[in-house]
Amino acid sequence: MAATLVLALASAALVLVLTDVATTAATPVNGAQRMASPPAKVSEAQAGAGLVAKTLATANPLYKTGRLTDVNCSPGSLPAGSMVAYRRFLTRVTACLNKAWAAQFRKAGMPFSKPRLRIITRKVRTPCGTWNTGADGVYCSTDRTMYLMISKEQLRNPFPLGITRLIAHEYGHHVQQVSGIWSYYWTARMTAGKAKRLQLSRSSELQAECLSSVFMSTMKDSPLVTAADWTYTVNWFKKNGAKGWPQNDHGKGPTQAAWMTRGFNRGTPGSCNTWATHPRNVT
């Protein structure tokens with residue numbers, strides 16, 4: 001099945017690249033690849049600030065906004081062999097994401113800003129650092145840009161649902177950034193050991209995947225998101241979602257599939273609160 005290879009590429013693309021906002025380091029770091037360092041000492045003031053940041057993650061106003069706004073997204077077809085068609089398709093999907101999440105932030109009474117989209121055909125160096133080996137897409141928080149690399153194989157065998165899910169995942173990281181959820185993520189990493197850092201990374205990645213599925217649910221049973229293709233995609237990630245990652249920083253395949261299913265079935269940002277759930281749910 002042509003979708004199998006495209007899903008494999010999309011799975012490898014679940015990478016985020018961002019500036020560590022909790023430190024004063026001059027060079028941005030790759031969140032998924034960052035090495036563990038000894039716990040840092042924090043002052044009482046910093047600890048208090050951490051509690052505030054934690055609330056933004058565990059009790060964010062977005063969680064109370066109900067179902068994600070359905071903006072009647074219909075990006076059209078994605079014919080094989082056309083970069084022009086790919087750009088048009090991804091631009092339309094991004095426009096849908098912008099409308100849906102802008103409306104959700106208004107419900108929450110929170111300010112919102114759109115991310116940038118950059119479509120590329122070869123690896124580039126982003127403001128956050130070098131391109132990740134094997135990645136098809138990254139989100140860089142420094143310039144708040146989603147970078148999507150379209151390969152020749154994707155051009156030959158496009159899978160519209162797969163690429164839509166991917167860009168919605170990277171958009172999920174942007175939602176985490178502008179909503180303040182990542183403030184807790186990076187504050188918590190400052191004092192965390194290796195095991196805790198991996199857990200925090202899984203919480204971030206699994207939430208982005210869940211938020212992606214929430215958006216996909218607004219197009220349920222449409223030509224883009226058929227029941228058969230969605231079931232196939234979830235099952236593929238259940239079996240293969242953890243492959244390709246040297247350490248468990250994205251979650252096990254069944255865990256990824258569980259959060260995908262949860263977000264898709266409930267359709268609400270509140271269903272994606274990976275920060276307040278039991279640790280066993282982000283393994």
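The following dialogue explains how to read several features of a predicted model.

Q: What kind of model is this, and how are its residues numbered?
A: The model is predicted, and local features need pLDDT of at least 70, side-chain atom pairs count only at pLDDT 80 or more, and totals for chains, interfaces and linings use all residues. Residues are numbered from 1 along each chain as its sequence is written, and side-chain values use heavy atoms, with hydrogens and water left out.

Q: How many helices and strands are in the chain?
A: Helices (H or I, at least four residues) and strands (E, at least two) are DSSP runs, numbered from the N terminus. The chain has 9 helices and 3 strands, and their order along the sequence is α-α-α-β-β-β-α-α-α-α-α-α.

Q: What percentage of the residues count as buried?
A: A residue is buried under 20% relative accessible area, exposed over 50% and partly exposed in between, with a 1.4 Å probe and protein chains only. Here 55% of the 283 residues of the chain count as buried.

Q: How is a pair of aromatic rings described?
A: The distance of the centres and the angle of the planes describe such a pair. Rings of Phe, Tyr and Trp (its six-membered ring) pair if their centres lie within 6.5 Å; planes under 30 degrees apart count as stacked, over 60 as edge-to-face and the rest as tilted. This structure holds 8 aromatic pairs. In one of them, the ring centres of Tyr184 and Trp275 are 5.9 Å apart and the planes stand at 85°, so this pair is edge-to-face. Because Tyr184 lies in helix α6 (residues 181-190) and Trp275 in the segment after α9 (253-266), the pair ties together parts that are 91 residues apart in sequence. Tyr184 and Trp275 are both buried.

Q: Which aromatic pair does Trp230 form, and is that pair stacked or edge-to-face?
A: Trp230 pairs with Phe264 in a stacked arrangement, 4.4 Å centre to centre with 20° between the planes. Trp230 belongs to helix α8 (residues 227-240) and Phe264 to helix α9, 34 residues apart, and the pair links these distant parts of the chain. Trp230 counts as buried at 7% relative accessibility, and Phe264 is buried with a relative accessible area of 9%.

Q: Which residues do ring pairs link into a cluster?
A: The cluster joins Tyr139, Trp182, Tyr184, Tyr185, Trp186 and Trp275.

Q: How are two packed helices described?
A: The description uses the angle between their axes and the distance between the axes. Axes are lines fitted to C-alpha atoms, for helices over the stretch in contact, and angles run from 0 to 180 degrees between N-to-C directions. Helix α6 packs with helix α7 (residues 194-217) at an angle of about 165°, and the axes are 9 Å apart. Angles under 35 degrees count as roughly parallel, over 145 as roughly antiparallel, 65 to 115 as roughly perpendicular and the rest as oblique. The two helices α6 and α7 are therefore roughly antiparallel to each other.

Q: Which residues does Gln177 touch?
A: Contact means heavy atoms within 4.5 Å. Gln177, found in helix α5 (residues 160-179), touches Tyr139, Ser141, Arg144 and Trp182, not counting residues up to four places away in sequence. Gln177 is buried, with a relative accessible area of 17%.

Q: Where does Asn98 lie, and is Asn98 buried or exposed?
A: Asn98 lies in helix α3 (residues 83-108) and is buried, with a relative accessible area of 11%. Apart from neighbours within four places in sequence, Asn98 is in contact with Phe112, Lys114, Pro115 and Tyr171.
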